[in-house]
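I opened this entry to record what I looked up in the model, one item at a time. The order is the order in which I checked things.

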Amino acid sequence: MLQIGFIRENRDFVVERLGVKNFSDAESKIDNVIALDNQRRNTQTELDNIKAEANRLAKEIGMLFKQGKSAEAEELKAKTGECHVKEKELGEQLSKIEGDLRDILLTIPNLPSKDVPCGKGAEDNEIVHQEGEIPQLYAGAVEHWTLCAKYDIIDFELGTKITGAGFPVYKSQGAKLQRALINFFLDEAGKNGFTEVQPPLMVNEASALATGQLPDKEGQMYSIPLDGFYMIPTAEVPVTNIFRDTIQKQSNLPISCCAYSQCFRREAGSYGKDVRGLNRLHQFDKVEIVCIDTPEHSYEQLEVMKNHVAGLLRKLELPFRILRLCGGDMSFTSAITYDFEVYSAAQKRWLEVSSVSNFETYQANRLKLRYKDENNKTQLAHTLNGSALALPRIVAALLENNQTESGIRIPKALQAYFGAETII
RNA sequence: GGAGAGAUGGGUGAGUGGCUGAAACCAACAGUUUGCUAAACUGUCGUACCUAAUAACGGGUACCGGGGGUUCGAAUCCCCCUCUCUCCGCCA
């Protein structure tokens, strides 16, 4: 959620930035917000004055009773009646205005930061970096879903039988490869200063709301209505919520966490070859990194996170590129997002394996995640997160790019974790 | 799931209708003292919103798990919800 004070002071800037995100009606919505906020302030002032008056009367009545002047006290009691009528009326007005204001604010996305390019969709994203060699595969090379069946390491049909499409069963060396990657990612994160946490895989409504999954993306999460819980679409949700309603000391910042979790996504409306095999799943594994920092340092921290992710891909010997997402392709809550894509040689396309974002104060405002600055003033912190990394497409690329006639080569960095040099 | 107890500021914990935004202690922070550390002493020490016609001090309102009610007045009384603890049951 954007901060109302910021909107008031930077109306034109806010409208202009929302334009970069192709947000429609920015101008009228922002003006509506400001008008409602004016109403809110006036009503608040009026209500406070009446309450102050009522408090004054109540004190006086107490004094009079103590002095035994009950007749005078009764007189004043009658007066308080009027106050209560007005108080009730204004109170209802105020909560209605506040509700309306909040509803509108929830529909306004985060402002893209100054580096975000304009654009409508994926085709307008900016490639800011590319490295690694695109492998030349031998003539009989195939896509990962064929490899999975050939080596009997990931069974999609079996998962369909047990649960449904998008819930694969990892078998034998496939299961081991999962564990190897998870441990590799966690260890690397640990070396780079990220503290590991293991969060719950279900969250309550307050948590889902605080990180922005609700109300914007309700249909994306699996829900358990009986208990009011949601299956997490990413560890970002529970991990960031660790810090909900807290005030951090500046000396504790930056906070850097990593967490392995399974992730659950309904992916409603997806279809076609994009969702084949490991390309899109309803349940998958991911190591997430989450950081909290001051506004002054958050962009440095973003670089730290990007470097960490790039390092992982390098060690996995995967060719990758980094995209700076354009306004139109960014998520609702993000101020800037870099996507990491690895090249999948058999599918002959780039697969998104990580997304690293700075949310600035947008999430922190809903989270009430603040810190005390050097002047001891309480301010909203910046939150950042990224995948480091999501497994399925990494597995897809590893299998496809490293396939040979005699088996699938495991990259050096992973061999100790996997316990072998090849899948045969 | 059954029975009971409880929820107060960073922590412990007082407070059962007005003088309590909340004692005391601890922690934390700043300063004095000190060769350094420690100790001692002094001071500061919740959050949000509104307002201020000197953004520095100030004034007001709300908040003692959450929501509603009684009352002129509620942390304190009543109702509902949530959560925690203890005992029992069940169980990886």
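I call a residue buried if 20 or more other C-beta atoms lie within 10 Å of its own, exposed if 12 or fewer, and partly exposed in between. The model is predicted.

**Helix 10**

I started with helix 10, residues 298-315. Which of its residues are buried? I found S298, Q301, L302, M305, H308, V309, L312 and L313. These cover an arc of only 135° around the axis, which means that they sit on the same side of helix 10. An α-helix has 3.6 residues a turn, so residues three or four places apart point the same way. On the other side of helix 10 I noted E300, E303 and N307 as exposed.

I then looked up what covers the buried residues of helix 10, and the list includes helix 7 (173-191) and strand 10 (283-293). Strand 11 (320-324), strand 12 (336-344), strand 13 (349-360) and strand 16 (382-390) are also included in that cover.

The 18 residues of helix 10, at 1.5 Å a residue, should span 26 Å, and the end C-alpha atoms are 26 Å apart, so the two values agree.

**Positive phi values**

Just after helix 10, I came to E317, with a positive phi of about 60°, although E317 is not a glycine. E317 belongs to the loop between helix 10 and strand 11.

D152 is another residue other than glycine with a positive phi, near 55°. I located D152 in the loop between helix 5 (144-151) and strand 2 (154-155). D152 has 11 other C-beta atoms within 10 Å and therefore counts as exposed.

**Cis peptide bonds**

I logged the peptide bond from L253 to P254 as cis, with omega near 0°. P254 is in the loop between strand 8 (246-249) and strand 9 (255-264). I logged the bond from A388 to L389 as cis too, with omega near 0°. L389 is in strand 16, which is listed in the cover of the buried residues of helix 10.

**Surface near RNA strand B**

How many residues surround RNA strand B? I have 15, and the closest are T45, A52, A58, I61 and G62. Helix 3 (26-66) and helix 4 (70-107) are the elements that give two or more residues to this surface. Helix 3 supplies the largest share, 12 residues.

**Helix 3**

I went on to helix 3 itself. The buried residues of helix 3 are I30, V33 and I61. Their cover includes helix 1 (4-9), helix 2 (11-20) and helix 4. Just after helix 3, G68 takes a positive phi of about 75°.

**Domains**

Last, I looked up the division of chain A, which is into domain 1 (4-107) and domain 2 (122-423). Their C-alpha centres lie 43 Å apart. I noted 4 residues of domain 1 in contact with 4 residues of domain 2. The side of domain 1 that touches domain 2 has 2 nonpolar, 1 polar and 1 charged residues.

Technical notes
Residues are numbered from 1 along each chain as its sequence is written. Chains are lettered from A and ligands numbered from 1 in the order in which they are written. This is a predicted model: local features need pLDDT of at least 70, side-chain atom pairs count only at pLDDT 80 or more; totals for chains, interfaces and linings use all residues. Domain bounds come from an automatic or database domain assignment. Two residues are in contact if their C-beta atoms, placed from the backbone, lie within 7 Å. Ala, Val, Leu, Ile, Met, Phe, Trp, Tyr, Cys and Pro count as nonpolar, Asp, Glu, Lys and Arg as charged, and the others, Gly among them, as polar. A residue is near a molecule or strand if its C-beta atom, placed from the backbone, lies within 6 Å of it. Helices (H or I, at least four residues) and strands (E, at least two) are DSSP runs, numbered from the N terminus. The expected span of a helix is 1.5 Å times one less than its number of residues. The arc is that of the directions from the helix axis to the C-beta atoms.
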